Amino acid sequence: MTEYKPQQLDKKWQQTWTASKAFEVDLDPSRPKFYALEMFAYPSGYAHVGHVRNYIIGDVMARTKRMRGYNLLHPFGWDAFGLPAENAAIKTGTHPETSTLDNIAHMKGQLQRLGISYAWSREIATCQPDYYKFNQWIFLKMFERGLAYRKRSTVNWCPSCNTVLANEQVIDGKCWRCGSTVEARELEQWFFRITEYADELLKGLDTLTEWPEKVVVMQRNWIGRSEGARITFRVADSDQTFEIFTTRIDTIYGATFGVLAPDHPLVDRFAAESADRVAFRERVARFRSLDREARLTGAIEKEGFDTGRKAINPFTNEEVPIWIANFVLAEYGTGAIMAVPAHDDRDYEFARKYNLPIRIVVSHGDQTPASADEMTTPTTNYGVLVNSGPWNGREAPAVIHDMIRDAEQRGIGKGEVQYRLKDWGISRQRYWGTPIPIIHCEKDGVVAVPYEDLPVELPKVTTFTGRGDSPLAQVAEWVNVTCPTCGGPARRETDTMDTFVDSSWYFLRFADPKNTELPFDPVPAAYWMPVDLYIGGVEHAILHLLYSRFFTRVLRDVGLVNFDEPFTRLLTQGMVLKNGAVMSKSKGNVVDPDDMLQKYGADALRLYVMFVAPPEKEVEWSDSGLEGSFRFLVRVWRIVDHWAETVGGEGLPESVMADCTDAERALRRKTHDTIRRVTTDIEERMHLNTAVSSLMELVNEIYSFSEGTAHGAPTRGEPPAGRVERPQAIAALREALDALVLMIAPFAPHTAEEMWTMLGHVDGLAAAKWPSFDPEVAKADQVEVPVQINGKVRARVTVPADASEDSLREVALSNTIVRSHTSGKTIRKVVIAKGPLVSVVVS
Ligand code: ANZ
């Protein structure tokens with residue numbers, strides 16, 4: 001009896017895999033490829049079992065696909081720039097580079113100890129110049145195409161530290177460091193023109209049939225396409241005008257007031273022209289300082305005031321008051337609206353609060369109140385127009401089209417599509433990120449760093465105070481340069497890029513990670529991409545995936561890739577909870593994978609995490625569950641060890657199998673049926689948990705078969721005694737054990753490798769093929785069919801799997817238990833339902 005010592009197996013096989021480069025791959029156009037990718041990691045320093053779940057899911061898929069004959073790419077890397085390392089530097093003085101590289105080393109060790117089958121030769125870390133050089137390269141391509149541009153925009157400013165704060169550094173409106181109240185400040189910042197691709201990004205969603213529906217919906221809402229009209233309103237007694245955006249021009253006769261966003265450009269002019277400028281400005285300032293987030297989500301009480309000015313509705317020529325209100329956003333549409341309280345919820349609430357007029361212009365027959373006074377809620381559906389002059393009796397949507405045409409002909413408006421999606425602000429006033437490759441020259445303005453001067457490397461800053469200018473601005477010898485155009489004195493851009501830039505194309509870099517001239521060569525990218533299976537947290541459902549889809553299209557237009565969508569299939573894995581809460585360091589409820597490895601080995605942990613729930617579902621961590629997985633592996637180990645010597649060596653010819661006993665046939669059936677189920681469970685459905693339970697059933701079957709042989713089933717410490725005589729039994733066992741070991745390999749690779757050797761195979765599992773099944777053998781000989789009488793299952797009958805309905809009916813009705821329920825009664829109906837199931841109705 002060989003003892004199961006998983007810790008030794010882990011070490012042995014991890015070394016073997018590294019030495020044989022088992023998971024490294026090259027281009028091979030003769031084979032189908034598969035690219036399995038888990039979202040790369042932020043090197044926080046330590047991965048708990050919640051983090052490693054998605055790497056294990058990915059590894060099970062990768063290892064299965066590899067055994068299924070795919071040329072398989074499974075790389076890993078580090079999303080290594082970012083604020084936490086810089087914040088830590090401010091607190092502890094450790095340079096971000098030092099802490100980041102240390103953290104990477106530790107986490108890489110953790111993943112290696114779990115036996116995740118990564119092609120480590122392709123590892124990338126975004127904080128390295130050979131990677132971020134190409135963030136800069138892509139930035140320059142975007143700059144050339146007008147896709148990277150500068151504009152003024154608001155940042156969080158701490159007046160006491162004199163520094164810009166990231167959103168994460170603002171806690172309840174206060175600076176994370178000193179507690180001062182944070183102010184808003186306008187700065188020139190860089191943006192990527194993602195809105196240019198808005199329509200394409202939206203249409204592309206229709207092709208993502210293997211993404212979770214909820215993610216597609218989130219992306220669609222984020223892009224937020226609205227078709228409507230832009231209409232010009234004149235300000236009465238003035239030459240000023242403003243434009244409104246509406247999706248409901250059909251309601252324009254019901255517009256009883258106009259509303260401007262507090263930051264609308266007209267507001268300052270109205271303030272200047274107002275009788276009581278001071279009071280006017282104070283009210284506006286208060287609205288502007290309201291929490292921007294809350295205004296965007298509408299989670300605040302609607303408030304506003306009358307400017308005293310009037311606007312002229314270009315359809316009715318009526319004068320309506322102009323208000324300023326917090327619920328109108330400067331960022332959306334034109335930053336001004338026509339309010340139609342009878343048919344819009346927000347406008348209705350506002351009109352009721354301030355007692356503004358309400359006019360019904362859309363009728364829904366009987367359901368429409370006779371007058372606005374009787375109205376208790378607005379009616380927002382399309383209907384028949386009333387009180388709408390020449391448009392009375394017309395109906396939306398057709399009338400919308402005609403009213404827009406009318407507005408266009410009269411030169412007072414036009415049809416327009418609006419997106420909620422905004423251009424992507426990428427400037428960060430931080431050190432630990434990619435320097436933006438731009439030089440500011442007094443004479444030549446904004447000048448691109450020439451490609452041959454890339455990368456613009458981060459200078460080695462040694463003090464991090466969190467106060468004052470952005471850290472790069474403090475390094476004079478780095479900032480002061482000569483202008484590439486005129487040779488005169490110039491200054492480098494001191495902002496760095498949002499780290500989402502780094503993660504928007506790393507999956508392409510893995511195709512060609514060592515390229516020094518280009519982000520990647522188009523040929524390997526065309527071979528490996530798109531990613532066939534992408535696994536990650538649902539928290540990245542919007543931004544990361546949208547930005548990656550955007551970058552892919554930009555790189556397509558630059559000529560580097562020939563497809564639009566980077567990720568064919570997406571899996572968002574569920575969280576791991578402990579004591580009902582998401583596992584996290586701050587909650588103090590983390591489970592350290594290394595502790596578990598020391599106790600049970602990598603495979604028990606891997607198997608447990610896969611068995612406990614389907615990948616996309618949440619799981620509650622349980623130590624006893626892990627112990628159960630360990631005991632299962634011991635059980636597998638014992639039965640393999642028990643039979644290894646007997647069944648090892650050469651296989652038996654298929655012809656021997658013709659003459660099987662029932663028990664032998666049953667084992668073979670179980671083996672083949674298990675292969676069928678496990679293969680579809682993993683490959684198609686990704687139900688990794690049910691795949692494991694099928695394997696557990698197979699193990700049970702092998703044990704009971706063993707008990708029926710001369711050899712018996714293993715018990716602890718008992719040496720094998722005697723031999724099985726029948727070659728068919730040996731062959732059936734061998735087939736079952738081989739299949740079991742092969743199928744358990746993706747889940748428990750170290751144990752499987754060792755057992756594979758024990759079974760006499762000289763080449764490792766890397767060379768082994770996934771088992772195939774024979775549908776004929778997998779077919780059940782006999783099936784058990786439940787029999788219902790008046791809706792209650794009363795008996796079960798056993799019939800040949802291919803029995804006809806007639807013979808099934810006959811067997812069911814002649815069953816003694818069934819007869820005891822039917823005797824003396826009339827059988828009204830016998831139905832053979834799917835399943836199958838026999839349903840008898842008696843009275
Ligand atoms: C008049 C109207 C009447 C409207 C009606 C709706 C219903 P979506 O579909 O989300 O694009 N709106 C426009 N710009 C706005 C802004 N900057 N801040 C707040 N609200 C704004 O919504 C478009 C509608 O949202 C527009 O159509 C406008 O109200 C409002 F019965 O105009 B509507």
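Close-up 1. Trp621 counts as buried at 6% relative accessibility, where buried means under 20% relative accessible area, exposed over 50% and partly exposed in between, with a 1.4 Å probe and protein chains only. Tyr608 is likewise buried, with a relative accessible area of 4%. This is a predicted model, in which local features need pLDDT of at least 70 and side-chain atom pairs count only at pLDDT 80 or more, whereas totals for chains, interfaces and linings use all residues. Residues are numbered from 1 along each chain as its sequence is written, and side-chain values use heavy atoms, with hydrogens and water left out.

**Close-up 2. Stacked rings of Phe287 and Phe305.** The structure holds 46 aromatic pairs, a pair being rings of Phe, Tyr and Trp (its six-membered ring) with centres within 6.5 Å, counted as stacked when the planes are under 30 degrees apart, edge-to-face over 60 and tilted for the rest. In Phe287 and Phe305 the ring centres are 6.2 Å apart and the planes stand at 25°, so this pair is stacked. Because Phe287 lies in helix 9 (residues 277-289) and Phe305 in strand 13 (residues 304-312), the pair ties together parts that are 18 residues apart in sequence; helices (H or I, at least four residues) and strands (E, at least two) are DSSP runs numbered from the N terminus. Both Phe287 and Phe305 are buried. By contrast, the rings of Tyr608 and Trp621, with centres 5.0 Å apart and planes at 90°, form an edge-to-face pair.

**Close-up 3. Strand 9 and its two partners.** Strand 5 (residues 148-158) and strand 9 (residues 183-192) run antiparallel and are joined by 10 bridges, where pairing requires that DSSP finds at least two bridges between two strands. Within this pairing, Arg152 has Glu188 of strand 9 as its bridge partner. Strand 9 also pairs in the antiparallel sense with strand 19 (residues 424-425), over two bridges, and here Phe191 stands opposite Gly425.
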